Amino acid sequence: MGGSGSKSKGVWPFSGNGAGGEAASDGTEQSVTRLKASRNATPFVFTRRSSLYYDEDGDLAHEFYEETVVTKNGRKKSKLKRIQKNLIPQGMVKLDHPCIHVDFPIIICEV
């Protein structure tokens, strides 16, 4: 339902062995040391997929609408029709400030 977590199974990018349950029994200092020593994976995210699209004219937006005129009983009424065809996704966007990865296994601040 959330959709923001990692979908891959068996691969844990921030630990050395691929299982997430063992890090809790090792202690925080050991898991941080293992994180630094085992892989070159960084806990930061520098890019993300954009939710914006380009249309045929080169305009950039989340959604595009076209105004259509509907005649009903002799009266003209204008409606907005959503355009969903011929849209090109913007692609990957560099973030201004790096974010921490969703699957980062260490508690940073405990309240």
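**Strand pairing and surface features of the predicted chain**

F64 stands opposite I83 in β5. The model is predicted, so-called local features require pLDDT of at least 70, side-chain atom pairs count only at pLDDT 80 or more, and totals for chains, interfaces and linings use all residues. Residues are numbered from 1 along each chain as its sequence is written, and side-chain values use heavy atoms, with hydrogens and water left out.

The protein chain contains two helices and seven strands. Helices (H or I, at least four residues) and strands (E, at least two) are DSSP runs, numbered from the N terminus. Along the sequence the elements follow the pattern α-α-β-β-β-β-β-β-β. Of the 111 residues in the protein chain, 11% are buried; buried means under 20% relative accessible area, exposed over 50%, and partly exposed in between (1.4 Å probe, protein chains only). The accessible surface of the protein chain is about 9,600 Å², and 52% of this surface belongs to carbon and sulfur atoms. Accessible areas come from the Shrake-Rupley method with a 1.4 Å probe, and for residues only the protein chains shown count as cover. Among contacts in the protein chain with a separation of 6 or more, 59% are between residues 24 or more positions apart; a contact means heavy atoms within 4.5 Å.

Strand β4 (residues 64-72) and strand β5 (residues 75-83) run antiparallel and are joined by nine bridges. Two strands pair if DSSP finds at least two bridges between them. The hairpin of β4 and β5 has two residues between the strands. N73 is placed in the loop between β4 and β5, and its phi is near 55 degrees, a positive value in a residue other than glycine. N73 counts as exposed because its relative accessibility is 76%. N86 lies in the loop between β5 and β6 and counts as exposed, at 54% relative accessibility. Most residues other than glycine have a negative phi.

An open sheet is formed by three strands in the order β3-β2-β6, with antiparallel pairing. Its edge strands are β3 (60-61) and β6 (88-89), each of which pairs on one side only. Strand β2 (residues 53-54) pairs with β3 in the antiparallel sense over two bridges. L60 in β3 is the bridge partner of Y54.

S50 is found in the loop between β1 and β2. With a relative accessibility of 9%, S50 counts as buried. A polar atom of the S50 side chain lies 3.1 Å from the backbone nitrogen of L52. Apart from neighbours within four places in sequence, S50 is in contact with Q90, G91 and V93.

On the surface, F44, F46 and I100 form a nonpolar patch with about 290 Å² of accessible area together. Patches are made of residues with over 30% relative accessible area and no salt bridge, where like charges are joined within 9 Å and nonpolar side chains (Val, Leu, Ile, Met, Phe, Trp, Tyr) within 5 Å. A salt bridge is a side-chain nitrogen of Lys or Arg within 4 Å of a carboxyl oxygen of Asp or Glu. F46 lies in strand β1 (residues 44-49) and counts as partly exposed, at 45% relative accessibility. H101 is found in the segment after β7 (92-100); at 28% relative accessibility, H101 also counts as partly exposed. H101 and V45 are 56 residues apart in sequence, and their C-alpha atoms are 5.8 Å apart in space.

Technical notes: Polar contact = N/O pair within 3.5 Å; in protein donor to acceptor, adjacent residues only side chain to side chain.
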